[in-house]
Each structure stands twice: as C-alpha cells, then as structure tokens.
Amino acid sequence: MPDLRSLGTSGLLTPPLILGGNVFGWTADEGTSFDILDAFVAGGGTMIDTADVYSAWAPGHRGGESETVIGNWLARRGRRDDVLIATKVGFMGGLGEMVIERAIEGSLRRLRTDYVDLYYAHKDDPDTPFEETLEAFDRLVRAGKVRALGASQIEAERLSLALDTSAASGWTPYSVLQTWYSILERPRFESALAGVAGERGLGVATFYSLANGYLTGKYRSRADLSKSIRGDRVEPYLEGRGPAVLAAIDEVAEETGATCAQVALAWTAAQPGVTAPLASATSPAQLKELLGSMELRLTPDQLGRLDRASA
C-alpha cells in the first residue's frame, strides 16, 4: 500500500494521489463512476475531490452532479469512514455567509453524509470580507459538518491575510491549499505561494498536474487535438517547453517502465511542499494507470533531468 502523507495540520492523511471527481456525472456516467471509485479505494486511494459546481458547464447540467454520484456510491457501498470527501463552495456565487450556509446543506444532501472531511473556498472572493467568510466556515467546523478547511485558487498575499484573520479571531484556519501546478507550469506555485504554504504549514493538493492530458503523451501534434473535448486547452503546450518536457518524460518512462502520466504525477508528488496531485479518470483502465504513480519513485538524476527540461 502507498505511504500516507499529512495534509498540513488538517489531521487528514492521503496517499500521493487524490481522485478528481469533476468527470463524475459528466464524461463518466454513474455506473462507470462507481467502477472508478471502487477501483480507487481498492488500490489504496482515500481522498475524493469534488465541488458543488461540478458539472454546471455541461449542457443540461446545473451543478451538483458529481456530488450526487459520489453520494449514491457511498450509499451503495454502505461505508463512509474509510474515505475522505473534499468538496468546495463559492465558484459562482461567492463566499458570503448565506451562500456558504446554503451550499454546505446542499452538498451534504447530495453526498448523503452528515459531514465532509475537507471544505474548500473554491476560489478567492475579494468582494466579501474575510471576516464574514472565515467566521461562517468556522461555524461549520464547530457544528461538526466540516472537519477541515482549505483554500483554492488564491494568491499568496490574500492567503496570508486569510490565515492572519483566522488566527486573530480564534477561528479554524485554512490548513490545505489547492493550486494549479504541473511540470509545465511551475511558476504558478513555485513562487510566493509555495513560500506561504511552507511557512504556515499548509498541505498542498495540486490540480491540472497532467496539463489537461498533454503530459500523458496523448497529444503530440495538432492532428491529435481532436482526440478529446479538451484538445483546445492542450494546443498551447505543443509549442514552447512542451515538446522538450514531454521528451524528457518519455525518456524517464522508458527507463522506469512507467507511463508518461505516471512519471508526470510522480514528479509532482516529489516536489517540495506538495502533498498530493489530483487527477481524474473516465474509465477503470485510466484509473489503474493513475494508481501506478503512487508507487513510482524517481531517482535524483531523473528528477534533475525533468527539472532542467521544464526550467
């Protein structure tokens, strides 16, 4: 079984892979999602990440589809205590007190549980005072509806201010940061944000760590862009550092017998300050590949070569 890592001071432990639930009820129907979730837990996974907004972007969807699928899965399996559920609030409606109070009740109802392990502010809301947001979050913790708090998509200065505000008022602080980070987009985290997270003891979960699928090796030319609905997001990586990074990943993959996706995720998990990358799967076969990243240990030489290719 993979080693467990502490998510900052949250008290939560996770292997070096968190399962992204953005595809559940969208590009993975309920039956397929159940198979993926079963395989994830059987393979040693513990934390499942979702949000109240997933998948509001899809035609005919309102948001909450992913939480509903996960809730139905939890009810079917009849166990809750061996998995960690992370969900989020505020992507579209902001982080006002009433928004948070309504959102948690909706999430708990769809997830068919009476608590979530980790509740994120999905993105920063500069229009709402931190005092209002953080006090509302603290009440959820005190009520037992949330075990730990996290912040996603927030800049370093604002994260520091949020942590200072919680400390000054004795409220439960953010203990986890979720941020955009991959071997292709290192400056998004390797800057003041990493410094704040490290200095303040936050766990770090990273998203887009496979660069919308580019780092799987699936997209190597413009002709490949039609292979999925995310092809337009991958196109920028076909130029600049993208091909050189992918070539370095190919080299390490050949040495280790791993896949490109496993190498990319293992690189991310090995970076200072990172607790675990997130990744999603639309089939049990994809999920099996992702699980392999948890056991892959890259050598200092391999990490160095990957670092130089992506610098």
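Analyst: Happy to. In this predicted model, Cys260, Ala261, Gln262, Val263, Ala264, Leu265, Ala266, Trp267, Thr268 and Ala269 of H9 are buried. The model is a prediction, so local features need pLDDT of at least 70 and side-chain atom pairs count only at pLDDT 80 or more, while totals for chains, interfaces and linings use all residues. Residues are numbered from 1 along each chain as its sequence is written, and side-chain values use heavy atoms, leaving out hydrogens and water.

User: What makes H9 mostly covered?

Analyst: Buried means under 20% relative accessible area, with exposed over 50% and partly exposed in between (1.4 Å probe, protein chains only). In H9, 10 of its 10 residues are buried, so the helix is mostly covered. The cover includes strand S1 (5-6), strand S9 (203-207), H8, strand S10 (276-279), helix H10 (284-291) and helix H11 (300-310). The names follow DSSP runs, numbered from the N terminus: helices are H or I with at least four residues, strands are E with at least two.

User: Why are H8 and H9 called roughly perpendicular?

Analyst: The axes of H8 (residues 242-256) and H9 (residues 260-269) cross at roughly 105° and come within 9 Å. Axes are lines fitted to C-alpha atoms, for helices over the stretch in contact, and angles run from 0 to 180 degrees between N-to-C directions. Angles of 65 to 115 degrees count as roughly perpendicular, under 35 as roughly parallel, over 145 as roughly antiparallel and the rest as oblique. The pair is therefore roughly perpendicular. Ile249, Asp250, Val252, Ala253 and Thr256 of H8 touch Cys260, Val263 and Ala264 of H9, where contact means heavy atoms within 4.5 Å.

User: Which strands close into a barrel, and what makes two strands a pair?

Analyst: Two strands pair if DSSP finds at least two bridges between them. S3 (residues 18-20) and S10 run parallel and are joined by two bridges, so they count as paired. Eight strands close into the barrel in the order S3-S4-S5-S6-S7-S8-S9-S10, with parallel pairing.
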